[in-house]
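Subject: Structure handover

Hello,

Here is the structure for your files. My notes follow below it.

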Amino acid sequence: MIVMLLDEVDQLETTNNSVLYTLFEWPALHNSRLILIGIANALDLTDRQLPRLKAQVTCQPKLVHFAPYNKEQIVSIIQHRLKQVPGIEGVMDPGAVQFCARKISVITGDIRKALDICRRAIELVEMRGQQGGKVTIPFISRVVQEVYGGQIQNQLTGKTSESTLPSNNSYCSALLP
């Protein structure tokens, strides 16, 4: 048995998606011992880009949806990560952590984005050379605005596009032999 795990499988999209079709069809081949697990941010990847798979009973992927993180989960993860880094106890104001978690849970629910915003805010405090500086809500707000300025404005005005919708991670698993 061979397990192939492909992260960011949506990056393999091409005009005719021959690479994706080949990958998803391999497990269905006679005597195949391949299990394919593809990870993509687009929940509708196989429906939108690989409709031919639905026509083949042996090639229909099983989809598992992983919902975006909520505010409480993001706060918990950030706090846990901060405790793991020696020498930065108290560098982030608890209100700033809450603010970051609230913003990210509304925009994307993506923990990677939340951690990136915290990292950038800490770097911003360090660049300003503030002795014993602390990341506060204004630092988080500034970084969120730099990273998501257009998305926040679109959400406030009710405009959405594919790039401003929350990114939900989903696992697409093709056939198990």
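In what order do the elements of the chain run from the N terminus on? The order is β-α-β-α-α-β-α-α-α-α-β. That comes from seven helices and four strands. Both are DSSP runs, numbered from the N terminus: helices are H or I with at least four residues, strands are E with at least two.

Two notes on the source. This is a predicted model, where local features need pLDDT of at least 70, side-chain atom pairs count only at pLDDT 80 or more, and totals for chains, interfaces and linings use all residues. Residues are numbered from 1 along each chain as its sequence is written, and side-chain values use heavy atoms, with hydrogens and water left out.

Now the strands. Strand 1 (residues 2-6) and strand 2 (residues 34-40) run parallel, joined by five bridges. Pairing takes at least two DSSP bridges between two strands. Leucine 5 has isoleucine 37 in strand 2 as its bridge partner. With helix 1 (residues 18-25), strands 1 and 2 make a right-handed β-α-β unit. Right-handed means that, with the strands pointing away from the viewer, the path from the first strand over the helix to the second runs clockwise.

Next, the chain overall. It has 177 residues, and 35% count as buried (under 20% relative accessible area, 1.4 Å probe, protein chains only). Of contacts (heavy atoms within 4.5 Å) between residues at least 6 apart in sequence, 72% join residues at least 24 apart.

One side-chain item. Arginine 52 lies over the face of tyrosine 21, 3.7 Å from the ring centre. The rule asks for CZ of Arg or NZ of Lys within 6 Å of the ring centre and within 35 degrees of the ring normal.

Best wishes

Terms used. Buried means under 20% relative accessible area, exposed over 50%, partly exposed in between (1.4 Å probe, protein chains only).
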